[in-house]
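Here are my notes on the model, in the order I worked through them. Keep the structure open while you read.

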Amino acid sequence: MKTSRRGFLQLGAMGTAALTLGSGAAMLTGCAKQQTPAEGFKTLREVDVYFLGALAPAILTTKGYPGALGKDARQRLLEALDTTMTTLQGHALKQLQMAFDLMGSPVTRVAVGAPLHPWQEATVEEAEEFLVSWRESMLPIKRMGYAGLCKLVSICWYSQPENFEISGYPGPPKKIPFPYPAAGE
Amino acid sequence: MKRTPHIPMVAGIPDPILEGIASGWNVQDAVDIADGSVIEADVVIVGTGAGGGTTAEILAEAGLNVLMLEEGPLKSTNDFKMDEREAYRDLYQESAGRMSKDGSMSILQGRCVGGTTVINWTSSFHTPENTLNYWADEFKLEGASKEEMEPWFKRMEERLSISPWPVPPNPNNAVLSRGAEALGVDWHVIPRNVAGCWNLGYCGTGCPTNAKQSMLVTTIPGALKKNSGLIYSARAERLIIEGKKVLGVEVTALNGDYKPNGNSFSVKAPHVVMSCGGINGPALLLRSDAPDPKGRVGKRTFFHPVAFSFSQFEELIDPYYGAPQSIYSDHYQWLNVSGPAGYKLEATPLHPGLASVLFLGHGGRHYEDMGNLPNTNLLLALIRDGFHEDSPGANIELAHDGSPIIDYPVNDYLWDGFQRAMISMAEIQFAAGAKKVRPSHLDAPWYESVEEAREGIMNLDNRSNSFTVGSAHVMGGLSMGEDLEKCVVDSNGKYHYLDNLYVIDGSVFPTSIGANPQLSVYGFACKFANQLAAKIKGTA
């Protein structure tokens with residue numbers, strides 16, 4: 001089967017997952033979802049923003065965004081996720097977006113064990129329940145989805161300099177680039 | 001209390017690439033090449049990592065006009081700010097998210113000018129004699145005995161300043177030497193390819209001081225000084241094959257987001273060298289419908305699947321600072337050659353982004369583990385794959401868009417190696433004074449004694465995506481040797497079924513190496529490239 005592949009980016013395989021889960025729902029609703037980026041993003045679409053935004057607090061602490069970013073935390077994480085997804089090459093990005101599309105419709109959401117109501121209305125408890133159900137699943141594809149989501153969100157979060165203090169990392173030395181004159185000077 | 005890095009600033013370091021370009025080197029961004037262009041050279045090399053970089057310099061010094069193609073971007077000293085975000089995005093395959101088909105294995109592989117040599121941790125070992133002998137016996141590889149390879153390794157050790165690290169290990173590596181010493185387990189100091197290393201700890205994000213003797217600061221400038229050229233952000237799409245000849249390479253230009261910008265061009269050369277590694281190399285041949293009568297392209301790709309074991313100490317470890325790898329143990333590596341999997345033990349540097357991935361999982365426990373990072377040590381075990389009939393390695397397949405898929409389930413043979421390696425690491429960590437130890441497995445708690453660890457580890461499950469399988473070593477996929485049932489590349493690096501195609505990189509290794517592979521790649525590349533130069537110039 002050539003649709004399943006790699007990545008924390010490999011969530012796209014969930015397109016396959018919905019089918020494996022015995023629901024024709026993914027086929028019925030189709031994947032003709034909106035492809036335009038959400039306001040302020042290069043790649044993340046509204047459906048991605050709601051899904052990742054709902055899961056992130058549960059992934060990071062179960063209680064919300066750790067660290068000093070406060071009210072900017074959600075936006076900063078989404079921007080980091082957007083940057084990562086923007087640099088993905090064709091196939092990987094398409095697969096990931098197909099997976100997130102499943103999170104945009106009630107039928108496909110239920111088929112993959114997510115809440116019936118839209119992700120933007122989900123509580124952190126519901127996000128936690130969803131994560132645990134995927135982590136403990138007998139289906140390899142759900143475990144892959146769990147691991148992929150956790151890695152993607154964690155690496156984007158903890159590599160932000162504002163979040164170094166959460167891990168106690170004092171940070172890298174400051175790098176001053178060698179001052180070459182700009183071309184034409 | 002707010003702490004600061006022990007070396008607060010890196011400044012005054014020149015950038016040899018920017019200087020070289022200013023002096024007139026032939027270096028081009030693929031997007032600046034007109035759509036439909038045809039470019040000619042004496043030799044085209046696909047890929048600029050350990051294999052391609054070494055080959056380029058040797059062929060250029062022989063007076064040939066070499067054109068290097070690199071899929072990744074050109075980043076150099078001034079860009080290397082020790083920032084994980086920029087590094088993973090710009091220097092790694094698939095933004096450091098490259099994985100196997102079932103998601104189990106995470107693969108760190110370079111994708112930039114200089115390839116993985118720009119982001120590796122500098123550990124440099126000769127190909128073990130056991131490995132060379134196994135290749136001769138099982139694959140009929142000729143001319144690659146220990147005695148025959150030794151001079152090539154020596155040459156590259158000199159070229160790349162490889163010698164055992166003379167500075168005491170950082171606390172993260174000292175856990176390995178201290179624990180091993182206490183248990184009577186054999187350990188040694190790692191040879192590194194560095195010159196004037198500041199001991200900062202940022203080899204993985206691009207060396208900010210030019211100390212690491214990567215291809216970027218050694219052989220690539222060497223080739224460019226000799227009238228050779230480099231085109232970056234240039235993805236080799238297909239080889240143009242006619243009969244038994246490769247006429248050239250079709251290339252797709254990639255934009256700043258690493259996506260095709262719509263332009264394509266071709267490079268024609270009488271000699272074509274593939275140096276694009278054990279994943280992208282087989283994929284390129286598969287996309288090109290290259291002759292492969294026995295169906296061996298992309299088979300037997302190996303990764304040294306890596307098991308990880310965390311430990312926590314009272315004292316500070318600061319696992320992000322200092323030379324990332326300086327101590328190793330081969331105690332468990334060669335108990336036998338072709339029986340149960342052997343493994344090499346080393347330390348793993350932990351910057352917070354990478355740490356957050358390796359800790360695995362989510363929520364409260366993950367957050368707590370992240371908070372203890374300064375007191376955390378991480379050891380790794382490289383499982384030596386490919387030396388047993390139950391270790392056939394990965395298959396490389398193609399996705400719809402022609403990109404590679406890596407099919408490599410963790411079977412019982414590998415899992416047995418994982419469990420034994422996790423126990424060995426836990427024993428060493430406790431012997432070094434760790435308060436608690438946890439292998440990177442979702443079901444493993446922090447063990448508080450070595451007895452608890454041994455029992456707990458034996459009860460862990462081999463469930464895909466429930467434990468970390470890492471890899472930073474891509475080997476095989478285009479095995480070399482004279483046994484045509486198993487091999488597609490001959491003992492001189494020539495593709496068996498094409499007259500002018502050479503494969504000079506780690507993809508020719510018929511098994512994994514059993515050690516960090518960069519010096520193996522350099523040594524074989526040095527040998528093959530010198531033979532090729534002599535052949536082209538008619539002196540062989």
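Two residues are in contact here if their C-beta atoms, placed from the backbone, lie within 7 Å. Keep in mind that this is a predicted model.

1. Start with Ile383(B), which sits in strand S19 (residues 376-383) of chain B. Is Ile383(B) buried or exposed? Ile383(B) counts as buried, because 28 C-beta neighbours fall inside 10 Å and the cut-off for a buried residue is 20 or more. Setting aside neighbours within four places in sequence, Ile383(B) is in contact with His304(B), Pro305(B), Ala307(B), Ala341(B), Tyr343(B), Leu414(B), Gly417(B), Phe418(B) and Ala421(B). As for Ile406(B), 23 residues from Ile383(B) along the chain, the two C-alpha atoms are separated by 18 Å.

2. Next, a helix pair in chain B. Helix H6 (residues 171-183) and helix H11 (residues 412-431) of chain B pack with their axes 7 Å apart, at an angle of about 90°. H6(B) is therefore roughly perpendicular to H11(B). On the H6(B) side the residues are Val175(B), Leu176(B), Gly179(B), Ala180(B), Ala182(B) and Leu183(B), and these meet Glu427(B), Ile428(B), Gln429(B) and Ala431(B) in H11(B). Sorted by class, this contact has seven nonpolar, two polar and one charged residues.

3. Then the sheet. Six strands of chain B make an open sheet with parallel pairing, in the order S2-S10-S5-S4-S14-S25. Its edge strands are S2 (26-29) and S25 (501-503) of chain B, each of which pairs on one side only. On average, neighbouring strands of this sheet are turned by 20° against each other, direction ignored. Inside the sheet, strand S4 (residues 43-46) of chain B runs parallel to strand S14 (residues 271-274) of chain B, and four bridges join them. Val43(B) has His271(B) as its bridge partner in S14(B). Helix H2 (residues 50-61) of chain B lies across S4, S5 (66-69) and S14 of chain B, and runs at about 165° to S5(B).

4. Now chain A. What does its secondary structure come to? Chain A has nine helices and one strand, in the pattern α-α-α-α-α-α-α-α-α-β along the sequence. Buried residues make up 50% of its 185 residues. Of the contacts in chain A between residues at least 6 apart in sequence, 67% join residues at least 24 apart.

5. In soluble globular proteins, nonpolar side chains tend to be buried together. The largest nonpolar core in this model has 222 residues, and those with the most contacts inside it are Leu55(A), Val153(A), Val44(B), Val66(B) and Leu69(B). Helix H8 (residues 140-158) of chain A gives the largest share of this core, twelve residues. Leu55(A), leaving aside neighbours within four places in sequence, is in contact with Ala127(A), Leu131(A), Leu149(A) and Val153(A).

6. Last, the interface. How many residues of chain B are in contact with chain A? There are 60, in contact with 53 residues of chain A. H10(B) gives the most to the chain B side, with five residues. By class, that side has 26 nonpolar, 19 polar and 15 charged residues. The chains also share strand pairing: strand S1 (residues 174-175) of chain A pairs with S1(B) in the parallel sense, over two bridges. There, Lys174(A) has Met9(B) as its bridge partner.

Technical notes:
Residues are numbered from 1 along each chain as its sequence is written. Chains are lettered from A and ligands numbered from 1 in the order in which they are written. This is a predicted model: local features need pLDDT of at least 70, side-chain atom pairs count only at pLDDT 80 or more; totals for chains, interfaces and linings use all residues. Ala, Val, Leu, Ile, Met, Phe, Trp, Tyr, Cys and Pro count as nonpolar, Asp, Glu, Lys and Arg as charged, and the others, Gly among them, as polar. Two strands pair if DSSP finds at least two bridges between them. Axes are lines fitted to C-alpha atoms, for helices over the stretch in contact, and angles run from 0 to 180 degrees between N-to-C directions. Angles under 35 degrees count as roughly parallel, over 145 as roughly antiparallel, 65 to 115 as roughly perpendicular and the rest as oblique. A residue is buried if 20 or more other C-beta atoms lie within 10 Å of its own, exposed if 12 or fewer, and partly exposed in between; C-beta atoms are placed from the backbone. A nonpolar core is a set of buried Ala, Val, Leu, Ile, Met, Phe, Trp, Tyr and Cys residues joined through C-beta atoms within 7 Å.
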